[in-house]
Amino acid sequence: MVAVAIKGSADRWSAEDSIDELAQLAGTAGANVVGRFIQRLPRPSKTHYLGKGKLDELLSRKNSLNCDVVIFDDELSPLQQRNLEDALQVKVIDRAALILDVFARRARTHEGQLQVELAQHQYLFPRLAGQWSHLERLGGGIGTRGPGESQLETDRRLIRQKIHRLKIRIEEVRKHRMLYRQRRRKSGVPVVALVGYTNAGKSTLLNALSRADVFVEDKLFATLDPTTRRLTLPDKSAVLITDTVGFIRKLPPAIVTAFRATLEELTEASVLLHVVDLTLHNAAGQCQTVEDILADLNLMDKPRITALNKIDLLFDDDKTWNETTAISYLSNQGEVADKNTVFVSAAKGWGLTELLGLISRTLSKTAQPVS
Ligand SMILES: Nc1nc2c(ncn2[C@@H]2O[C@H](COP(=O)(O)OP(=O)(O)OP(=O)(O)O)[C@@H](O)[C@H]2O)c(=O)[nH]1
Ligand SMILES: [Mg+2]
């Protein structure tokens, strides 16, 4: 695993946290991490990502560890990737490719698979050219317009056609979703959408709230497809809760584009329920990433509730903590003054009554135009 730590960056994520997460992603993709390597630089080098001296150091590390693949924590340009493969003589992949790999393993429904496939092809397309000239050079100075060139043209055309076909099929799925949402809107039942970093506990919370049986796992991107459940609030009104794909740092733009159909569920929601894993030392970094993605999706103006989750893990000492003592202890710490924030434990079912109450208060404040 290789990362560049940007000198003087205001990022809430340290390179160490980011590379830890990269290792977790690699584990989810089935790799066994044997080493980590970080260089502090003002910015990654345009040609080799790392500086020259560091690259030599990485080469000898790679040789002594005898690894099969080196994974970089940023999206590499085709040029950087080619140069790095030449220099290291090993397979080189980047964070985006790794995330795409995990998504591909996770996609279960037809819609999820289509979206992942589109993202993969869009990621691949600009990288094709680089790969062919790379192969040609490895082949050893064959003519400048050899068979590789025409093969490249054929490949590009095939990929372009494939992207076109995938877009048409996704558009059909999207229309279907749109019709479904229109019907939902007519019914006047408001929608609360769960958002948050991957592994924050969104699906567990949906299950706890609705006793639904959504797949939960301690792995990244357990959920890719939206699930919707109907709930009755304490004031007896009905509400729909949707759970969807989680966010991650440096989510590849190809994924955001390809998952538009899925992410549109968020646009329709009356309220966003942001689930945070409060127990991580980098919870603030994860929140920042979620904020950035919500801003990209133009969702900053949506009414928001924050559920600080997994609080049971903060109290796993001898003392017998229960829902009331744990929550009143945390509330008295006074760190969370925001009245739209609640402490919960989705796993233990703590704080759910308060959360439901907050949802119904927030909904009654947001006008619900029935169209
Ligand atoms: N101790 C504890 N574990 C929790 C709690 N909520 C969720 N978890 C665990 O956290 C892990 C992730 O939970 P999920 O519900 O799959 O998380 P998610 O946000 O849906 O994740 P993605 O679908 O991957 O984006 C699982 O192992 C859960 O059992 C909680 O309140 N307490
Ligand atoms: Mg989930």
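This is a predicted model: local features need pLDDT of at least 70, side-chain atom pairs count only at pLDDT 80 or more; totals for chains, interfaces and linings use all residues.
When I say that a residue is near a molecule, I mean that one of its heavy atoms lies within 4 Å of that molecule. With that in mind, let me turn to ligand 1, which has 23 residues around it, and of these Lys 202, Thr 204, Ala 222, Thr 223 and Asp 312 come nearest.

Residues are numbered from 1 along each chain as its sequence is written, chains are lettered from A and ligands numbered from 1 in the order in which they are written, and side-chain values use heavy atoms, with hydrogens and water left out.

Back to the shell around ligand 1, whose residues divide into eight nonpolar, nine polar and six charged; here Ala, Val, Leu, Ile, Met, Phe, Trp, Tyr, Cys and Pro count as nonpolar, Asp, Glu, Lys and Arg as charged, and the others, Gly among them, as polar. Helix H8, residues 202–210, gives the most to this shell, with three residues, a helix being a DSSP run of H or I with at least four residues, numbered from the N terminus.

Next come the polar contacts, meaning pairs of N or O atoms within 3.5 Å. A polar side-chain atom of Lys 310 lies 3.0 Å from an oxygen atom of ligand 1, and for a polar side-chain atom of Ser 345 the distance to an oxygen atom of the ligand is 3.3 Å. Ala 347 takes part through its backbone, with a polar atom 3.0 Å from a ligand oxygen atom.

Finally, I come to the salt bridges, each a side-chain nitrogen of Lys or Arg within 4 Å of a carboxyl oxygen of Asp or Glu, and by this rule the count comes to 25. One of them joins Arg 95 and Glu 21, with the closest N and O atoms 3.0 Å apart. Because Arg 95 lies in helix H4 (residues 95–106) and Glu 21 in helix H1 (residues 15–28), the pair ties together parts that are 74 residues apart in sequence.

Note on methods. A polar contact is a pair of N or O atoms within 3.5 Å; within protein, one must be able to donate a hydrogen and the other to accept it, and residues adjacent in sequence count only if both atoms are side-chain atoms. Helices (H or I, at least four residues) and strands (E, at least two) are DSSP runs, numbered from the N terminus.
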